[in-house]
Each structure stands twice: as structure tokens, then as C-alpha cells.
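My entries follow in the order I made them.

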Amino acid sequence: MLLKQIKGPQDLKQLKQEELQQVVEEARAALLQKISQYGGHNGPNLGVVEMTVALHYVFDSPKDQFVFDVSHQTYVHKMLTGRAQAFLDQAHYQEVSGYTNPLESEHDLFTIGHTSTSLSLANGLAKARDLKNETNNVVAVIGDGSLSGGLAYEGLNNISELGTNTIIIVNDNDQSIAENHGGLYKNLKELRETNGQATNNFFKALGLDYRYLDAGNDLAALIELFEEVKDQEEPVVLHIHTVKGKGFSFAEENREKFHAGGPFSLETGEYLRS
């Protein structure tokens, strides 16, 4: 198993493209095995397996700094940063938090469990980097549901004003815990339906560079996109359309039910009563 051999992102970088796809498959299988037995945030994590592998393959954490909004989608991030045993061995399931935790790893910058905070945190990291004349990338991952929070708007505004490297990944699975509603979500829908070409573009209106990727669960396409923007001097929004619950049909079909929960049956998709 390749996943067992990865003690950190540097190990991932030594793999060939077909081996990276094997890591994706192993990580998704490990996710399903653990969350079906132990519970947790299932849909959010299943949807970002390819994205997380691509991020750690292209960028150089912890030099390049990752901030995950809410951080309930960081299980694969933990697998790739020396904590895979906590997802592969039932005896170690309780050894990691369901959220980022700096006490666990240098790759976790903050203890985060609240929505809409990643963009402002990333803006602070970028400002500190600039003051120190450093050149690392700052990457913020935020779901479409979290964009409705006021702090997210403030973060976008200030990132645009700062004007230096901040890579904003909008993980758009057209879902928060439940359905999204509001003007912003009408624009996200319009952007998805036009492959990012709609004239009305919320992010461009803020003065941000913008790229759209519809194939948000395509590992090769994600790697190509991330390599294009790595070390870019100005801020950029990567609007990436993913499938929440990817790889588990019950989670793909019922995204609200499989946002999070306790143990469930892999065969029937029903939650198990204790």
C-alpha cells in the first residue's frame, strides 16, 4: 500500500502520476472504512480527495501555508502529513482530531472549527509573509457554503487590496450542510453553467484573477491548474466544481444526510444505531 509509505508530502512528490491515482484510491478507501466505523464528516472529505493529493504534490507544505475553512475536510491532508495510521488502523482512530490542530503537526497552522474564517486568516499570513520579505504561497480552501459568512467577504476584500500571492480555492459542490440560497449562489450557478465564462462574476468584480475548473475530481486537471498558479504574484480565485461524497453513491445521492454523522453501513448507506 502506497499510503502507508507516505510519511510526509516529500514522499508524495516522488511518485509517478499513476501512483498518485493509486494514492487517491487508497485514501478514499481508508476514509470510507474509518468513517463507516467511527463516524465523522463524510461527504466533505470524500469530495476533496483528489484536490488534497494534488495540493500536496504541487505545493510545498509547511513552507507553503494551507488554511482549510472549518477544516472538516482535512482527513486526507492528515493522511499525507504523517498521520495515515490514524485512518488505517482502528486501534489508532482516536489519535487525531476531526479538525486541523497545530499540536498534531507543523502542517496544521490553526485550530479551526468555525466557518468563513480561512480567507481572513490567509490574508494575515500573506501580510506577515510580505513584511518578512518571504516568498511562499498562501493557499486558502473554502467551500461555497462558507462564502456566505460576513468574515469571508471581508477576507476577499482585503486579499484583493493586499494584491500579493494568495491562492483562494473555492470548493464548489453546490451544497453547504443543506442547500445554499442567496444572490451569491445564483452567480456561482451561473459560473458553473457557463464553465466560468459568465459576464457576471462576483470574484472578478472584486478585482481578483479567476480560473474555473469543472472537473474538480480529476487529479491530472487539478495538478495542472495548481502548477499554473503556484508562485503567482497576485491573488487568484480557483473556482473548482467538485462532487460532495465522491466515490460513495449513497453520499453522492443524499448530500445533506452524508455531510456528517455516526457509523453507517457501506452496503445500505443507513446510519447505525448504537
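The model is a predicted one. I then took the total, which is 14 salt bridges.

Next I checked K230, whose side chain forms a salt bridge with that of D60 at 2.9 Å, N to O. K230 sits in the loop between α12 and β5, and D60 in the loop between α5 and β1; the two are 170 residues apart, so I noted the pair as a link between distant parts of the chain.

I went on to R192, which meets D172 in a salt bridge of 3.0 Å, N to O. R192 belongs to helix α10 and D172 to strand β3, so this pair ties together parts 20 residues apart in sequence. I recorded both R192 and D172 as buried.

My next pair was E228 and R211, with their closest N and O atoms 3.2 Å apart in a salt bridge. E228 is in helix α12 and R211 in strand β4, 17 residues apart. E228 is partly exposed, with a relative accessible area of 45%. R211 also counts as partly exposed, at 25%.

Last, I turned to the largest pocket, which holds about 290 Å³ of space. I listed 17 lining residues, with V70, H72, S146, S176 and H259 nearest the pocket centre. I sorted the lining into three nonpolar, 11 polar and three charged residues.

How values were computed: Residues numbered from 1 in each chain as written. Predicted model: local features only at pLDDT ≥ 70, side-chain atom pairs only at ≥ 80, totals over all residues. Heavy atoms only, no water. 1 Å grid on protein atoms, 1.4 Å probe; cavity = no way out; pocket = protein on both sides within 12 Å on 5 of 7 lines; lining within 4 Å. Points joined across faces, edges and corners; volume = space filled by probe spheres on them. Nonpolar A, V, L, I, M, F, W, Y, C, P; charged D, E, K, R; others polar. Salt bridge = Lys/Arg side-chain N within 4 Å of Asp/Glu carboxyl O. Helix = DSSP H or I, 4+ residues; strand = E, 2+ residues; numbered from the N terminus. Buried < 20%, exposed > 50% of the residue type's maximum accessible area, 1.4 Å probe, protein only.
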